[in-house]
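Hi,

Here is the structure I promised to pass on. Have a look at it first, and my notes follow below.

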Amino acid sequence: MEAEAAALLGKYIGAGLACIAMAGAGIGIGQLVGSYLSGALRNPAAAKEQVATLFLGIAFAEAMGIFGFLIAMLLLFAV
Amino acid sequence: MAASEASEGGLSIHPMEQFEVRPLFGGGDEMGLLTITNSTMWMALVLAAVSALLILGMRGRALVPTRVQSIAEILYGFVRHMVTDVLGEDGVRFFPYIFTLFVFILFSNLLGVLPYSFAVTSHIAITGVLALVVFSTVIVLGFVRNGIGFLKLFWVSAAPAPLRPVLAMIELISFFVRPLSHSIRLAGNMMAGHAVLKVFAAFVPALSVFGILPLALMVAITGLELLVAGVQAYIFTILTCIYLKDALQPAH
C-alpha cells in the first residue's frame, strides 16, 4: 500500500514537472515572433514572404511543449 | 484518475471524457472493425461537408463566383500556392494528395469546435495514420526517385569531414522521429484545446451567477480554437510539403 501511494505521488509530481516543457515552448515562440516582428518592422516589404517560415518555426518550437504535454498525459493515464 | 476524487468536493471535471470513442448503435461497448462509432460518424460528416463545398459549390462553375464557390476557389488556390512555393512546379502532381490532407484536417478540426461534437483529429490513432502515410511516401518516393543516393540526405557534405558521422546520427534520429512529432503536434493541439474548454465549462455551473466570467472566457477560447484549427491544418500540410521535398530534391 505504501509503495502504491508513493507511485501515485510520483506519477502526479512527474506529470506536473512535465508541464515545465511549456515554459520552454513559450520562450521559444516568444523569441521567434519577437525577432520576426523586429525584422518585419525594419523591412515590411519582405515580411509577408516569411510568414510561412514563421509558422513553421512556431510549429517546431511548440512541438517540444506538446511532447511535455504528451508525457504528462502518458503519466496520468498510461503508466 | 483525479476526476473521481474531485467529484466528492462538488466540482466534477472530466476533461478527457469527450474523447471517448464509443459505438453509436446497440448500446454495447465492444467494437469491431466495422462498428459505427462517434469517430467514424464525424469522419463521414467531414466527408459530407467537404463534398458539399467542393462538388455542390463548384457545380455552377460561374465566371463570377457565388459565395460558396469562391470559398472553394480560395481553398484550392491557397493549397496550390503552398505546393508550388515549396515543391516547385514539379510537385504539382502531389497536389491532389496534399489538398485532400489539408481539407480533411481543416474540416475535422473545425467541426470538432462545435459543442457536443467529436474532434476526429484529437486522436493520435488517426493523425498517426496520416503522418505514417506521409512518412512512408517520403521513403518510397525518395528511393524510387534517387535510388541509393537518397541516403545522402543524412550525409551532410557541407560539414567538416570528422563531424559528418555525428551529424548523420542526428539527422537519422530526427528523420525517424518525424511521424511522431508530425502526428502528436496535431492531436496534442486539438486535445489540449478541447480539454481546456471542458475544464472551464465545469467552472460555469459551479460559480452560479459568477459563471458568466468563465463563460465569456470560453467564448474567447473558442475563437482561439478556430484559429488553432486553421493553423494546425496549415502546419500539417506545409510540413508534408517540406518532407516530400526531401524525397524529390535531397538537398545535402
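Take Phe102(B): beyond its neighbours within four places in sequence, it is in contact (C-beta atoms, placed from the backbone, within 7 Å) with Val79(B), Ala233(B) and Thr237(B).

As for the two chains, 12 residues of B contact 10 residues of A. On the B side, α7(B) brings the largest share, 6 residues. That side splits into 8 nonpolar, 3 polar and 1 charged.

On confidence: chain B has a mean pLDDT (the predictor's per-residue confidence, 0 to 100) of 87, with 94% of its residues at 70 or more. Residues 1-9 of chain B fall below 50. Where pLDDT is low, the predicted coordinates should not be read in detail. The model's ipTM is 0.73 and its pTM 0.85.

Housekeeping: residues are numbered from 1 along each chain as its sequence is written, while chains are lettered from A and ligands numbered from 1 in the order in which they are written. Local features need pLDDT of at least 70, side-chain atom pairs count only at pLDDT 80 or more, and totals for chains, interfaces and linings use all residues.

Cheers

Note on methods: Helices (H or I, at least four residues) and strands (E, at least two) are DSSP runs, numbered from the N terminus. Ala, Val, Leu, Ile, Met, Phe, Trp, Tyr, Cys and Pro count as nonpolar, Asp, Glu, Lys and Arg as charged, and the others, Gly among them, as polar.
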